[in-house]
Amino acid sequence: MKKFVESVGFVVFVQGMAGLLHEWTGWFRLWTVVRRVDFLGGNATFVHIVLVVTGVAVMIAADAIKE
């Protein structure tokens with residue numbers, strides 16, 4: 001269970017970072033999920049920052065799970 005939570009946190013973190021890189025440089029266009037959700041379009045940068053912070057928090061919280 002601990003590895004699964006860490007993996008989910010890592011995927012969320014990577015989605016946020018790829019989204020930020022796409023916003024700033026135009027790279028990673030195919031990797032970003034937020035870009036495909038229409039109602040988040042105007043707030044994409046904020047959503048990507050939230051994804052990065054959430055991913056880091058989930059990875060840190062995974063250490064509290066006992067195996």
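This briefing walks through the fold, the first helix and the charged side chains of the structure above.

The model is predicted, so local features need pLDDT of at least 70 and side-chain atom pairs count only at pLDDT 80 or more, while totals for chains, interfaces and linings use all residues. Residues are numbered from 1 along each chain as its sequence is written, and side-chain values use heavy atoms, with hydrogens and water left out. The protein has two helices and zero strands; here helices (H or I, at least four residues) and strands (E, at least two) are DSSP runs, numbered from the N terminus.

**Overall picture**
- The C-alpha trace spans about 40 × 20 × 15 Å along its principal axes.
- Of the 67 residues, 24% count as buried, where buried means under 20% relative accessible area, exposed over 50%, and partly exposed in between (1.4 Å probe, protein chains only).
- Among contacts (heavy atoms within 4.5 Å) with a separation of 6 or more, 57% come from residues 24 or more positions apart.

**Helix α1**
- Helix α1 covers residues 2–25, 24 residues in total, and reaches 34 Å from its first C-alpha to its last.
- That reach is close to the 34 Å expected at 1.5 Å a residue, the expected span being 1.5 Å times one less than the number of residues.
- Its buried residues are V5, G9, Q15, G16, A18, G19, L20 and H22, and their cover includes α2 (44–61).

**E23, a residue to look at**
- E23 sits in helix α1 and is partly exposed, with a relative accessible area of 36%.
- Leaving aside residues up to four places away in sequence, E23 touches A44, T45 and H48.
- E23 and V34 are eleven residues apart in sequence, and their C-alphas are 11 Å apart in space.

**Charges and the salt bridge**
- There are 6 positive and 5 negative side chains, and the centres of the two sets lie 4 Å apart.
- One salt bridge is counted, defined as a side-chain nitrogen of Lys or Arg within 4 Å of a carboxyl oxygen of Asp or Glu.
- The side chains of K3 and E6 form a salt bridge at 3.9 Å, N to O.
- Both K3 and E6 lie in α1, three residues apart, about one turn of the helix.
- K3 is exposed at 62% relative accessible area, whereas E6 is partly exposed at 22%.

Technical notes
Lys and Arg count as positive and Asp and Glu as negative; His and the chain ends are not counted. The place of a charge is taken as NZ of Lys, CZ of Arg, CG of Asp or CD of Glu.
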